[in-house]
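Hi,

Here is the structure I promised to pass on to you. Please open it beside this email and follow along.

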Amino acid sequence: MKTIIEPFRIKTTEPIHIISKEERIQALADAHQNVFLLDAEDCCIDLLTDSGTGAMSTRQWAAMMIGDESYAGSRSWKHFQATVKDITGIKHVFPTHQGRAAEAILAQTLIRKGDIIPNNSHFDTTRANIEYVGGVAVNLLCPEGTDTSDTSPFKGNMDIEKLEQCIAANGKEKIPFAMITVTNNTGGGQPVSMKNIQAVKSVLQKHGIPLVIDACRFAENAYFIKHREPGYENRSLLEIAREIFSCADGATMSCKKDGLANIGGFLICNNDDWAEKFRTLLIIREGFPTYGGLAGRDLEAIAVGLKEALEYDYQVYRHATVQYLSKSLIEIGVPIVRPAGGHAVFLDAKKMLPHIPPLQYPGIGIVNALYTHGGVRGVELGTVMFGAFDENGNETASPLELVRLAFPRRVYTQSHFDYLIEVIREVWENRQEIPGYKITYQAPFLRHFTCHFEKLARA
Ligand code: F0G
């Protein structure tokens, strides 16, 4: 088989600012050892997130030029609405400025204090929006989803038995809707099988509980179904996506992922009463229902992007980049979460740095080493991001210490990945020199974004 090439050529370039190792050490010191506080310009390969960081196609830019900026009923809205309906088959479509705005409207209209919202794994903004209105966000991930070395094909699946138990324990009156996140970002970008989505739907249907899909990476999930689930080999990604959404009563979407856009989202539903409530809050918070916080040109870019994300060649290339990196790292011996998910590779910092205890943040050790060795920016998903404090105020560790390297869509080429592999190899070979860290400043919530670190002396 020949090399899988990027299925595009590059027409516009954006220079990468390459600074020296000494300058990076200084930049990180100025940023209090927290890569969130760096200037993006000082990062040569920025893998902080795959959200809103993708490159748009010529077709998207062309569509933007014909964006209709009318306040109400614009042509661009019609294009957006028709595309979303074509893919999802869902009746009511509401544009929002990004995914969490859709989540906020969903939570604030449908959840009462004490309500339970099951999901395979809630993304942190979903959880925050549910908890903000007094709901309880429950994760019901299948057991293999938490084992970083289990190579099951659908580690994002929901545990159906746990779902039944959750409904039995709480009663359907306490569960205004359940969610399923495709792919499961928090669990490593792992896919959910069609069989599982259908099983979740059938359990919920039995109890009259609606299903809302968090659809951020629906096209990547459709590709996994095509390749891993028997019976879907010959189906197009669009057909698979339609089948996924046919199980849903509604969905939230961040078009910054599989909308291939830099901003945008939507909230959709079939229920007319829900639609009435969503519309009312949307007008107060986001804007008139035919633009919902977006410019007409954004609606156009998303309408084109949603379809491009379902193009088979694009997904082949996208998944090949993840495979390319993960295969190389496995060959070198670097411990990673297996199998790799759809949008990122996760390094296992706990296994990489056994000499650093969790409360000295091994994930930060890796993140900062990647930056100093090569200007690569990743993100810690470990004790800094998820750690908690017990009733005595003592910090507790997260069960996993991971570093996410998320791939912006259509941005980096194979030579960028070769460079990335060289940087990770260098970090791996010099891992004994990586120090632990302590926090010298932290905010009361979401501390990882703004906290300050100090290096600890190596024992
Ligand atoms: N749901 C999932 C599964 C997500 O991954 C995200 C965002 C959201 C909802 C919220 O969407 O950012 O448009 O408001 N994930 C980004 C990330 C931020 O880096 O994984 P948003």
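This is a predicted model: local features need pLDDT of at least 70, side-chain atom pairs count only at pLDDT 80 or more; totals for chains, interfaces and linings use all residues.

Residues are numbered from 1 along each chain as its sequence is written, and side-chain values use heavy atoms, leaving out hydrogens and water.

The domain assignment, which is automatic or from a database, gives domain 1 (21–50 + 312–455) and domain 2 (58–308). Their C-alpha centres lie 27 Å apart. In contact (heavy atoms within 4.5 Å) are 22 residues of domain 1 and 26 residues of domain 2.

The rule finds five salt bridges across this interface; a salt bridge is a side-chain nitrogen of Lys or Arg within 4 Å of a carboxyl oxygen of Asp or Glu. Glu220 and Arg318 meet in a salt bridge through their side chains, at 2.9 Å from N to O.

Now to the cysteines: how many disulfides does the structure hold? It holds zero, a disulfide being a pair of cysteine sulfur atoms within 2.5 Å. The sulfur of Cys44 has its closest cysteine sulfur in Cys43, 8.7 Å away, so the two are too far apart for a bond. For Cys166 the closest cysteine sulfur is in Cys142, at 16 Å, which is also too far. Cys166 is buried at 9% relative accessibility, where buried means under 20% relative accessible area, exposed over 50% and partly exposed in between (1.4 Å probe, protein chains only). Cys44 is buried as well, at 10%.

Enjoy exploring!
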